[in-house]
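This report looks at the inside of one protein chain model.

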Amino acid sequence: MATRIFWVDAFTNRPFTGNPAAVCLLATPRPDTWLQHLAAELRCSETAFLLPDSDGFQLRWFTPTTEVDLCGHATLASAHVLWEVGLLPLDAPARFQTRSGLLTAEYRDGWITLDFPATPAQPIATPLALVAALGVEPRFVGQSCFDYLVELADEATVRTLAPAMEQVAALPVRGVIVTSRAEPGRDYDIVSRFFAPQLGIPEDPVTGSAHCCLGPFWSARLGRNTITAYQASPRGGLLRVQVTDSRVFLSGQAVTVLLGELLA
């Protein structure tokens, strides 16, 4: 049986926006070296590999250079593919066994909701190397289990930020999330961008896992547990974020733009 692969734009309902992910449907396990070589060949920020098991699907995520522990947009893309091709009925949840434990997704009214662990940031003293890499003075700096979280003065500063990527890559974290409140009159509450040159991703278009940190941060500041977020990369993407004590529910849409069969 041929190995099917799908190119999906996640956290958007329009092709060529949001965050592209490749989703590979495996019938049998493949060696890690093969998985990494395919991810490097495709050059998506993440390639997701799905393998059926007794309780749903095993799910792994690879950037062009490494395997990662958590990825939101490629999980959303994976769930989208399972429902689109009929491997799951629309009223059945998708269940994924991952390096971050069991993750689930549900389809409701054209939106996919992911149930992810919250990864709140703890305040830290501002690292001088971080300020030098970003070239701006933060309002707040925290650190989650993955990333630095940096609050900036306003949306314009977030949108125009041009970090020194070599310096960002030298920081002792997976990546750097920058964020601010949205300008008045927007149809979203917050904006963000995410930089992870350490993973071979200078700027990620839309980052679900970053919102596992952004959700708790902004929920506390805005005084509510439901937030609409926009990731202001050149491609851009919209998320609905709901925060509980230990979980974050990330909702987005997805569209398939390419499908094919692997010959290797």
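## Cavity

One cavity of 30 Å³ or more is counted. A cavity is a set of points on a 1 Å grid over the protein atoms alone where a 1.4 Å probe fits but cannot get out. The largest cavity holds about 90 Å³; a volume is the space filled by probe spheres set on the points, which are joined across faces, edges and corners.

## Basis

This is a predicted model: local features need pLDDT of at least 70, side-chain atom pairs count only at pLDDT 80 or more, and totals for chains, interfaces and linings use all residues. Residues are numbered from 1 along each chain as its sequence is written, and side-chain values use heavy atoms, with hydrogens and water left out.

## Cavity lining

The lining of the largest cavity has 15 residues; lining residues have an atom within 4 Å of a point. Glu46, Arg174, Asp204, Thr207 and Ser209 lie nearest the centre. Helix H2 (72–84) and strand E14 (201–204) each supply at least two lining residues. Helices (H or I, at least four residues) and strands (E, at least two) are DSSP runs, numbered from the N terminus.

## Helix H1

H1 spans residues 32–42, with Trp34, Leu35, Gln36, Leu38 and Ala39 buried (under 20% relative accessible area, 1.4 Å probe, protein chains only). Arg43 follows H1 and has a positive phi, near 65°.

## Nonpolar cores

The largest nonpolar core has 57 residues. Such a core is a set of buried Ala, Val, Leu, Ile, Met, Phe, Trp, Tyr and Cys residues joined through side-chain atoms within 4.5 Å. H2 gives the most to this core, seven residues. Another core, of 18 residues, lies apart from it and includes Leu130 and Tyr148.

Note on methods
On a 1 Å grid over the protein atoms alone, a cavity is a set of points where a 1.4 Å probe fits but cannot get out, and a pocket is an open set with protein on both sides within 12 Å along at least five of seven lines; lining residues have an atom within 4 Å of a point. Buried means under 20% relative accessible area, exposed over 50%, partly exposed in between (1.4 Å probe, protein chains only).
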